[in-house]
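Please open the model in your viewer and keep the selection panel at hand. The stops below say what to select next and what is to be found there.

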Amino acid sequence: MDFNLTLIGQSIAMLVFVWFCMKYVWPPMMQALDDRQKKIADGLAAAEEGQQELARARGQYNETVRESREEAAEIIKHAERRSKEMIAEAQQAAVAEGERLIAQARAEIEQEANRAREALRGQVAAIAVQGARQLLGREVDAAAHQDILNKLAAEL
Amino acid sequence: MAGAEQTTGEYIQHHLQNLQVCRVDGDWVWNQCAGNFYTINVDSMFFSIVLGVAFLALFRKVAKRATSGVPGRLQAMVETLVEFVDTSVKDTFHGENKLLAPLGLTIFVWVFLMNLMDLIPVDWIPGLAHAIGIPYLKVVPTTDVNITFAMSISVFILIIFYSIKAKGIGGFTKELTLQPFNHPLAIPFNLVLEGVALLAKPVSLALRLFGNLYAGELIFILIALLGIWQLPLHFLWAVFHILIIVLQAFIFMMLTIVYLALAQEQH
């Protein structure tokens, strides 16, 4: 157990090593560890936030689905009502149109009948004169019997 | 065994002899240095510096590429050690000190590596050295009192430095003279008591490490003398020794931290 210069040598070596460790090894390692710690903490916070966000979105989604379902039901109801109305309107229109057409047809028939009657009225005098001429075997003066002929025509 | 003509005593003596170089009358002389202070234990210095450089090179390499993302295996190992030391320091010392934790890490890993040399079978490296003409070689630096005392004295200087820094010269002097009995007449008594307590720190620190490792090494050497029976015994003692080398490195580190924490904290 004799002390010698190794004591000093080892002390210097230790001084250098500790200095090196303090300067070049410890800070980067602690930096990496601290950074990782921060990263993990941030990650956990982000996960937590994400979960909350998810819950919020899910609530919103449910709300939206409920609303749209209600809206859809409303629209269907409305459409049904509207279609019934339209069918009723169409029926009414059809009935009115039918009646109108029938009335028109009647008017036309009436007109036609009148026109035929009018035409017939024109010819009835000539036919009656002709008939009487053959019946009497002589010329009948149409002008002399104009009032009788007119009465006959009016009876048609 | 290194030489067949050696007796058991010579064999043990040979294994416990450092490779030394010293200054005698202006010349560097090898291995005739008993009692000469201007001597360097070349083997102790060599292995201690090689191991220290290996430790720092490895850790520096990891530290340079240290990522805060997913660490590799090597980085995970280094981080485990760094965090272990950091936790030990933070549990003991609550102030702000940039030196304490790196000092603890250096001491722990370095002392551990020097102790680890003890697990290499005692004849391997000295045998190899003998073959290339080196007469003596002690491969475990921590079995050299110079190494352990150099470290503990460095710690002791730091203890005094931080004591004075934290409490001032007056406060430090008061601590040495007015405790445990706060009376002017008790000053010499206190001084002796506190002085011994203070000096006991580096001495016990160095001798504990030295004693454990020296004894362990000696037992390895004795086991190596047993012929074929050394194999199971060597294995058993090596397994047990794994515990000792880690424990001693840890104790050295922990006491360093405790002493330095005590030096800086107010009572």
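A nonpolar core, as the word is used on this tour, is a set of buried Ala, Val, Leu, Ile, Met, Phe, Trp, Tyr and Cys residues joined through side-chain atoms within 4.5 Å. Please bear in mind throughout that this is a predicted model.

**Chain B as a whole**

Begin by selecting chain B, which has 8 helices and 3 strands, and follow its elements from the N terminus in the order α-β-β-β-α-α-α-α-α-α-α. Its C-alpha atoms fill a box of roughly 65 × 55 × 40 Å along the principal axes, and 46% of its 267 residues count as buried. If you display contacts within chain B between residues at least 6 apart in sequence, 67% of them join residues at least 24 apart.

**The largest nonpolar core**

Next, select A:M14, B:V82, B:L103, B:L105, B:I107, B:W110 and B:M151, which touch the most other members of the largest nonpolar core, a set of 63 residues. Two or more residues of this core come from each of α1 of chain A and, in chain B, α2, α3 (73-92), α4 (100-116), α6 (145-177), α7 (187-224) and α8 (230-264). Which element gives the largest share of this core? It is α4(B), with 11 residues.

Now centre the view on B:W110, which, when residues up to four places away in sequence are not counted, touches A:Q10, A:A13, A:M14 and A:F17 in chain A as well as B:S48, B:L51, B:G52 and B:M151 in chain B.

**Two helices within chain B**

Select α4(B) and α6(B), which pack at an angle of about 170° with their axes 13 Å apart. Since angles over 145 degrees count as roughly antiparallel, these two helices, α4(B) and α6(B), are therefore described as roughly antiparallel to each other. Showing side chains here, you will find B:L103, B:I107, B:W110, B:V111 and B:M114 of α4(B) meeting B:I147, B:M151, B:V155 and B:L158 of α6(B). By class, the residues of this contact are 9 nonpolar, no polar and no charged.

Staying on helix α6 of chain B, pick out B:S152. Is this residue buried or exposed? B:S152 is buried, with a relative accessible area of 1%, and, leaving aside neighbours within four places in sequence, B:S152 is in contact with B:P202, B:L205, B:A206 and B:F252.

**Where the chains meet**

Bring chain A back into view and select the contact between the chains, which takes 53 residues from chain B and 28 residues from chain A. The area buried between them is about 3,500 Å², and carbon and sulfur atoms give 76% of it.

Finally, select helix α1 (residues 6-136) of chain A and helix α2 (residues 42-64) of chain B, which pack at an angle of about 5° with their axes 9 Å apart. The pair α1(A) and α2(B) is therefore roughly parallel. Among the residues that make this contact are A:T6, A:A13, A:F17 and A:Y24 of α1(A) and B:M45, B:G52, B:L56 and B:R60 of α2(B). By class, the contact of α1(A) with α2(B) has 15 nonpolar, 5 polar and 1 charged residues.

How values were computed:
Residues are numbered from 1 along each chain as its sequence is written. Chains are lettered from A and ligands numbered from 1 in the order in which they are written. This is a predicted model: local features need pLDDT of at least 70, side-chain atom pairs count only at pLDDT 80 or more; totals for chains, interfaces and linings use all residues. Side-chain values use heavy atoms; hydrogens and water are left out. Axes are lines fitted to C-alpha atoms, for helices over the stretch in contact, and angles run from 0 to 180 degrees between N-to-C directions. Helices (H or I, at least four residues) and strands (E, at least two) are DSSP runs, numbered from the N terminus. Angles under 35 degrees count as roughly parallel, over 145 as roughly antiparallel, 65 to 115 as roughly perpendicular and the rest as oblique. Contact means heavy atoms within 4.5 Å. Ala, Val, Leu, Ile, Met, Phe, Trp, Tyr, Cys and Pro count as nonpolar, Asp, Glu, Lys and Arg as charged, and the others, Gly among them, as polar. Buried means under 20% relative accessible area, exposed over 50%, partly exposed in between (1.4 Å probe, protein chains only). Buried area is the accessible area (1.4 Å probe) that two parts lose on being put together, summed over both.
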